[in-house]
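Student: I would like to learn how to read strand pairing and salt bridges. Please take me through one example.

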Amino acid sequence: RRRHLLARIHRRFETITEPVRVGPLDLSFTRVADPNRVLDQVAEEEDRRDKLAGKQRPADELHLPYWAELWDSSIAIIEFLAETLPQRFPDLSKLSVLDLGCGMGLTGTVAAGLGAHVLFGDLEPDALLFAQLNSLPFADRIRTRRLNWQKARLTEQFDVIIGADILYERIQWPFLEPFWRGHLKPTGTV
């Protein structure tokens, strides 16, 4: 499975794999080698599409590759999760987590590594490939779903919703709170 996912990823991206140690976990994390190159490629493709269509799309329709960067906030979140989840939830095997805007899957992989059941949700299929790859050791506790929080409504609620760096675009803010309210268990946490 790992070879298959890497082959799919390597059709479009150069990667590097690095060790990540957090709490009791030692993980092998594969990420985009040069996120700036991915941004440049996406911007060029968006410009090409706009020229072919003879118009420019509104900013909320652009699919910028925010997922291709491993953001500093995700490092802080995984440290927080490793420290607090085992304290707050005595039986992590019963914990349901939504990693919203999961990117390459670091935060959700840590939650799964600690024992939680995780749904990776992201708008970008490439991000979900990385999340699947990085979470393979915990595949029995992982699901992935292409998800647009502006429109999607899931049929389940979660104990914890995690989002690392999903508040950067003010245009997204009005959609997030209703999404959280609709998908968080009454005693849940964002």
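Student: Which residue in β4 stands opposite leucine 100?

Tutor: Two strands pair if DSSP finds at least two bridges between them. Here leucine 100 stands opposite glycine 121 in β4. Strands β3 (residues 96-100) and β4 (residues 117-122) run parallel and are joined by 5 bridges. Helices (H or I, at least four residues) and strands (E, at least two) are DSSP runs, numbered from the N terminus. This is a predicted model, in which local features need pLDDT of at least 70 and side-chain atom pairs count only at pLDDT 80 or more, while totals for chains, interfaces and linings use all residues. Residues are numbered from 1 along each chain as its sequence is written, and side-chain values use heavy atoms, leaving out hydrogens and water.

Student: Which residue of β6 stands opposite aspartate 99?

Tutor: Isoleucine 162 does. Strand β6 (residues 158-162) pairs with β3 in the parallel sense over 3 bridges.

Student: How many residues of β3 are buried?

Tutor: Buried means under 20% relative accessible area, exposed over 50%, and partly exposed in between (1.4 Å probe, protein chains only). In β3, 5 of 5 residues are buried. Ser96, Leu98 and Leu100 point one way, and Val97 and Asp99 the other.

Student: How many salt bridges does the structure hold?

Tutor: A salt bridge is a side-chain nitrogen of Lys or Arg within 4 Å of a carboxyl oxygen of Asp or Glu. The structure holds 9. One of them joins lysine 185 and aspartate 159, with the closest N and O atoms 3.4 Å apart. Lysine 185 lies in strand β7 (residues 184-189) and aspartate 159 in β6, so the pair ties together parts 26 residues apart in sequence. Aspartate 159 is buried at 13% relative accessibility, whereas lysine 185 is partly exposed at 30%.
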